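Thank you all for coming.

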Amino acid sequence: MELRFICLLVSACLCLPCARTSVSNCCEGDILLLLDSSGRMNSNEFSKLLQFLSDLLQPFLLGRSQVRVGLVQLGTKPRLEFGLDTYNTQNALQDALRRTQQLHGETNTDEALQLAQRILHDDANAEAPPRILLWLTDGVWPGTAEGPMAALRRQGVSVLAVSTGPGNYQMLLNVVTPPTEAHLYFVDIDDISIITADLREAIIELIRAERLQVRDVRSHSAVLHWRSALSEGLKTYELLYGPDISNGTNNKLTIPGDFSWTELNNLQPDTSYTARLIPETNAPNIKTLSVTFRTLPEHFGPVTVMVSDLGPDRLRVRWDPVQHHQVQQYRVEYGSIPSGPVRTLTLPSYQNSALLKRLHQHTEYLITVTALHSSGQQRAMSIKACTQEVVPALLDLQLSPVGRGSVQVDWRGGGEGLMGYWVSWKNEDRPLSSSSFSRFLPPGSLSTLLTDLCNSSRVCVSPVYRSVRGEGLCCTAHT
């Protein structure tokens, strides 16, 4: 699978219907923005994302039968900033984006996607226009998104993503709607404006009005979507499709007039098809729609590669799917980055994982899994993974009451690469209230004073190193 990075090459002109001053009848659809608003992103980066969205959406006409825009902010507690029907003018939308305040906190991707599912599902019906989820993230471990994103795609939602930092690239590649080269962007936040035109064009292609759309193209199938005509005289559609429908050697389907999608099956892989949707009606305003698409090649070999069981000197690499009838054997090559020696494992075709041992701690490795076909063809996929850092645990923790509601906390720790200590405490006699607190202290600190504690508080101290948090200790303080 090809990873797409944005190069600094911008077209001299943008000839798109929606990029002009007037965009009447250009597009109809819903765009739900999923914006990373967590504390991982500083205020300057967040402002640049908002400005990017402002420029991206500015040309569209808003409202029902045009384009509707909603915004979900992603933080510790995700929030619906505004719904799809909130703003019907560009001035109102632009003002809302300027007023949007960053949430900070953690990156609660799971709950945010559940909220997005509810919003897009509530607005789905038989005559729903195309729906888009545009995910803007800093790319830092976005969470378990594959399941919710797959559910959205099954509902007909097109998933697009923009990542402005390092992170789980493979997961992002898996969740977006194909083609990834048009729907997935990795770009530095300072250069994000260079993708505005390309991303807007991709959005227009998905929500352009009066268009036969092709979604979920695979080797042997494809799904066609269109806007239902809702004409009183329309009873059925006639759908013609085939590699060359002009010579009469085509397939024919009769589809009820109130349908807005159909799935084509038993297609040939890596083949160009043309489909033509003909309404059986005399109404002059209902046009014949056509589209040309190409099915995917029938690939063998790994589609996804992932790592697990990370340790200081080992990790397990796993790939899917298992294709022992097509693949003769697998070859796993791995070496430390940038110039470590490369080691090779050869595995049978029924195996889809390997444990890589005798690795160096806290080292980044490039791992390549290659499927070898009996015909001599090869297909490879690579992934980067870092072994864990060996860090010492906290040696000792002591709590000493120094007055009503106050505790002196002392500990012993240290080690190479120590960045500081994470001190957290929770008032256990108030389990239902917001009674959890924390503070980060520099590496030279070996004590701190906690005040305003309740009768019983749980205090924990953990050392924090360059890439991992070390094992800490916890004690209960009674004041």
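Predicted model: local features only at pLDDT ≥ 70, side-chain atom pairs only at ≥ 80, totals over all residues.

**Cysteines, a sheet and a helix**

Let me start with Cys 475, which counts as partly exposed because its relative accessibility is 25%, where buried means under 20% relative accessible area, exposed means over 50%, and partly exposed lies in between, with a 1.4 Å probe and protein chains only. Cys 475 takes part in no disulfide, and the nearest cysteine sulfur, which belongs to Cys 474, is 7.6 Å away; a disulfide here is a pair of cysteine sulfur atoms within 2.5 Å.

Residues are numbered from 1 along each chain as its sequence is written, and side-chain values use heavy atoms, with hydrogens and water left out.

How many disulfides does a search of the whole structure find? The search finds 1, and it is formed by Cys 460 and Cys 474, whose sulfur atoms are 1.9 Å apart. This pair links distant parts of the chain, since Cys 460 lies in strand 26 (residues 456-465) and Cys 474 in strand 27 (residues 473-478), 14 residues apart. Strands, here and below, are DSSP runs of E with at least two residues, and helices are runs of H or I with at least four, both numbered from the N terminus. The link of Cys 460 and Cys 474 is right-handed, with 115 degrees about the S-S bond. Of its two ends, Cys 460 counts as buried at 18% relative accessibility, whereas Cys 474 is partly exposed, with a relative accessible area of 36%. Cys 454 also counts as buried, at 10% relative accessibility.

Turning to the sheet, we have an open sheet of 3 strands in the order 14-15-18, with antiparallel pairing, where two strands pair if DSSP finds at least two bridges between them. Strand 14 (304-308) and strand 18 (353-356) stand at the edges with a single partner strand each, so one side of each has no neighbour in the sheet. Strand 14 and strand 15 (residues 315-320) pair in the antiparallel sense over 5 bridges, and Thr 304 has Asp 320 in strand 15 as its bridge partner.

Finally, in helix 7 (residues 196-207), the buried residues include Leu 199, Arg 200, Ile 203 and Ile 207.

Notes
Expected span 1.5 Å × (residues − 1).
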